[in-house]
Amino acid sequence: MVTAALLLAVSLAAIDDSIVGTAMPTIAADLGGFNLYSWVFSAYLLTSTTTGPLFGKLADVIGRKRVFTICTVIFVVGSGLCAAAHSMVQLIAFRALQGIGAGGVMPVAMTLVADIYPLEQRPRMDGLMSAMWGISAVAGPALGGLIVDHFNWRWIFLINLPAGTAAIVIGIFSLRETLHHLRARIDYTGTALLTLAVAAMLAPLISTDGPSVTGLGAVPMLALSGLMLGAFVIVERRAADPMMPVSVLRNRVVRVSCVGQFMLGGVLLAFAAYVPLLVQAIMGRSAMMAGLAVAPVSLGWPLGAYIGGKAMLRWGTRRVTLGGSAFVAAGCAMIAAPAIRAGYAGVASAMLIAGIGFGCVISPFFIASQNSVGWKERGIATAMVSFFATLGGSIWVALMGAVAAARLAGAAPSANVDDLLRMAVHGRAAAEGVRHALSGALGTVFVVALVLSIVSWVAMLFFPGGAMPLVGRDDSPNERA
């Protein structure tokens, strides 16, 4: 029963990562505010990223059951509020609340698996959790399209309520745990500084009057962000139990993996956020077809992961990640090209190629990082690589939204863009000039994604050559035993 509750919660968090992208063109058409489009994704990612380490530490201090229940309740309440939103600003605020809950669901669920299952059963359970996450992520876009086409977009949030409530009830009545009342210093200051630093960095991009990265208002916010980041580094170096040990980044493999994840996190979220908009608003296809256009990323990912895992043993991390990054760049180049972007088959093909690349490069980031550090640092190294992927997604997708909105501002009034979305979701043709302007804006977004993938490829050159480092195997207490 506890496993059922954990699988329910994990599937909800996974689906919510992918289901919203398919519904966003319809949501933007209903609520308006295209300038704030990308912040529906960024707000969720920002809060889920920065609160994850905090909830993980709280689970050690006050108990897994309590933290898991609190996080799931926050997620369910945030989902209900998202369904009731009547403006884009409200939806962004409620998505941020939803992200706070999601930030604790996955790490605490994985910790509970380690608590309630013996060592010999944990790999099977971890595999089940990962499979549930993968299946939910693949099903999310198509499910979102199905709901939007046949019901109302608000149901993509409402479906979380019964499943989330079931997970809460099962967890409360089925989970038993013995608290050991551990004494630990929770890094509240570091968590707050990092959250505020990223929020200040992104603040110029969320203006309802249009985004700005060069205006006078942006300068003090960027300066404030820099000061907070500096304070964060100082606090983390002095903290007894920091949320992000800066010393881990001195490891070359971990550092390169974090840079790669930071860049590719933006590429992945660009696909989830803007490919559905391209298919619906420009091609005039249904939300279901928009979801199916993104699905090849999830289909190519396991194929790439299988190939990359085999190739790493023979050719090493550098060659495999260079090849994977090249595939991602090829997918970005395809969808950035107007001729390919104009056809549905071309978009789906680009997603499949990029998905294979993601599979080849993402798993090696984790494997190489885990094997380049000692056993006691494997957990934090894994968390750091995952953290930078989500952080990069939240930052880059916000910047891409600003670029798209700025491009549209010079080509078509924002009101016309909202009208275009309304016409597209209702199957009516819009003015060719407006469609052309939006297509050009999305093309610019995909060019930015291409640049990020190229930067990631360059970063892979700094991986050590030859076989993977195996430092971590030497000091594992289980392997010594």
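Which residues touch the most other members of the largest nonpolar core? In this predicted model, the core comprises 102 residues, and F271, Y274, V275 and F446 are the ones that touch the most other members. The greatest contribution to this core comes from α10, which supplies 19 residues. A separate, second core contains 17 residues, among them A9, C71, V108 and A109. Beyond its neighbours within four places in sequence, F271 contacts P276, V294, V297, C332, I335, M351, A354, F358 and F446.

Helix α10, spanning residues 252-282, packs against helix α11, residues 287-315, at an angle of about 150°, and the two axes lie 7 Å apart. Because angles over 145 degrees count as roughly antiparallel, α10 is roughly antiparallel to α11. The crossing of the two helices, α10 and α11, is right-handed. On the α10 side, the contact is formed by L268, F271, V275, P276, V279 and Q280, which meet A287, M289, A290, A293, V294, V297 and W301 of α11. Classified by residue type, the contact of α10 with α11 holds twelve nonpolar residues and one polar residue, with no charged residues.

The contact of α11 with α12 consists of four nonpolar, two polar and one charged residue.

Note on methods: Residues are numbered from 1 along each chain as its sequence is written. This is a predicted model: local features need pLDDT of at least 70, side-chain atom pairs count only at pLDDT 80 or more; totals for chains, interfaces and linings use all residues. Side-chain values use heavy atoms; hydrogens and water are left out. Axes are lines fitted to C-alpha atoms, for helices over the stretch in contact, and angles run from 0 to 180 degrees between N-to-C directions. Helices (H or I, at least four residues) and strands (E, at least two) are DSSP runs, numbered from the N terminus. Angles under 35 degrees count as roughly parallel, over 145 as roughly antiparallel, 65 to 115 as roughly perpendicular and the rest as oblique. A crossing is left-handed if the near helix is turned anticlockwise from the far one by less than a right angle, and right-handed if clockwise. Contact means heavy atoms within 4.5 Å. Ala, Val, Leu, Ile, Met, Phe, Trp, Tyr, Cys and Pro count as nonpolar, Asp, Glu, Lys and Arg as charged, and the others, Gly among them, as polar. A nonpolar core is a set of buried Ala, Val, Leu, Ile, Met, Phe, Trp, Tyr and Cys residues joined through side-chain atoms within 4.5 Å. Buried means under 20% relative accessible area, exposed over 50%, partly exposed in between (1.4 Å probe, protein chains only).
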